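Please work through the following exercises with the structure at hand. Each task is followed by a solution in steps.

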Amino acid sequence: QVQLVESGGGLVQAGGSLRLSCAASGRTFSSAAMGWFRQAPGKEREFVAAVSRAGFNTAYANSVKGRFTISRDKAKNIVNLQMNSLKPEDTAVYYCAADPGSSMFRSPDNSDEYDYWGQGTQVTVSS
C-alpha cells in the first residue's frame with residue numbers, strides 16, 4: 001500500500017515558479033515509478049512528468065519540457081516537481097501517482113499504469 005500526499009500548490013503570476021512535493025508512505029515507494037498528472041476544468045487528466053525507480057530516467061509532456069523538472073529523494077520518500085516559467089494554461093489540479101513494480105528504468109506516461117494516486121493540489125496561474 002502506498003499513500004501519497006501532495007503539497008506546494010497555490011496562486012502565482014505568469015512567468016513565476018512553484019515547487020510541488022509528493023510525500024509517499026509505504027515500503028513500496030522505492031520500487032515504484034512516480035508520475036505527475038494534471039486535470040484542468042472541463043478537460044481530461046493528462047500526463048505531466050514521470051521519474052523511474054532508478055531516479056534518473058525522466059519523461060515530460062511536450063507542453064512542459066524545458067520548464068518543469070521532476071526529481072525524487074529516495075531517503076525522504078519525496079517526489080518533487082519544480083515548475084518554472086508558468087503559463088495560465090498550466091492551471092489545473094496536479095496529482096502525484098505511483099506505479100509499483102515498474103521496471104527499474106521506465107518512466108511511464110500512461111495513467112493506466114499507475115495504481116496509487118494522491119488527492120491533488122491546485123495550481124492557478126494568473127495572466
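This is a predicted model: local features need pLDDT of at least 70, side-chain atom pairs count only at pLDDT 80 or more; totals for chains, interfaces and linings use all residues.

**Exercise 1. The disulfide**

Task: Which residues does the disulfide join, and why is it left-handed?

Solution. 
- Step 1. The count comes to 1 disulfide. Cys22 is joined to Cys96, with an S to S distance of 2.1 Å.
- Step 2. The torsion about the S-S bond of Cys22 and Cys96 is about -80 degrees, and therefore the disulfide is left-handed.
- Step 3. Because Cys22 lies in strand β3 and Cys96 in strand β9, the pair ties together parts that are 74 residues apart in sequence.
- Step 4. Cys22 and Cys96 are both buried. For Cys96 the relative accessible area is 0%, so this residue falls in the buried class.
- Step 5. Leaving aside residues up to four places away in sequence, Cys96 touches a set of residues including Leu4, Glu6, Cys22, Met34, Trp36 and Trp117.

**Exercise 2. The open sheet**

Task: In what order do the 4 strands of the open sheet lie, and which are the edge strands?

Solution. 
- Step 1. The order of the 4 strands is β1-β3-β8-β7, and their pairing is antiparallel.
- Step 2. The edge strands are β1 (3-7) and β7 (68-73), each of which pairs on one side only.
- Step 3. On average, neighbouring strands of this sheet are turned by 15 degrees against each other, direction ignored.
- Step 4. One pair may be examined in detail. Strand β1 pairs with β3 (residues 18-25) in the antiparallel sense over 5 bridges. Val5 stands opposite Ala23 in β3.

**Exercise 3. The nonpolar core**

Task: How many residues has the largest nonpolar core, and which have the most contacts inside it?

Solution. 
- Step 1. In soluble globular proteins, nonpolar side chains tend to be buried together.
- Step 2. Here the largest nonpolar core has 36 residues. Met34, Trp36, Leu81, Met83 and Tyr94 have the most contacts inside this core.
- Step 3. Several elements give two or more residues to this core, among them β4 (32-39), β5 (46-51), β8 (78-83) and β9 (92-100).

**Exercise 4. Thr121**

Task: Is Thr121 buried or exposed, and which backbone atom does its side chain reach?

Solution. 
- Step 1. Thr121 is found in strand β11 (residues 121-126).
- Step 2. The relative accessible area of Thr121 is 12%, so Thr121 is buried.
- Step 3. The side chain of Thr121 reaches the backbone nitrogen of Gly9 at 3.3 Å.
- Step 4. Residues up to four places away in sequence not being counted, Thr121 touches Glu6, Ser7, Gly8, Gly9, Leu20, Ala92, Val93 and Tyr94.

Definitions and conventions. Residues are numbered from 1 along each chain as its sequence is written. Side-chain values use heavy atoms; hydrogens and water are left out. Buried means under 20% relative accessible area, exposed over 50%, partly exposed in between (1.4 Å probe, protein chains only). A polar contact is a pair of N or O atoms within 3.5 Å; within protein, one must be able to donate a hydrogen and the other to accept it, and residues adjacent in sequence count only if both atoms are side-chain atoms. Contact means heavy atoms within 4.5 Å. Two strands pair if DSSP finds at least two bridges between them. Axes are lines fitted to C-alpha atoms, for helices over the stretch in contact, and angles run from 0 to 180 degrees between N-to-C directions. A nonpolar core is a set of buried Ala, Val, Leu, Ile, Met, Phe, Trp, Tyr and Cys residues joined through side-chain atoms within 4.5 Å. A disulfide is a pair of cysteine sulfur atoms within 2.5 Å.
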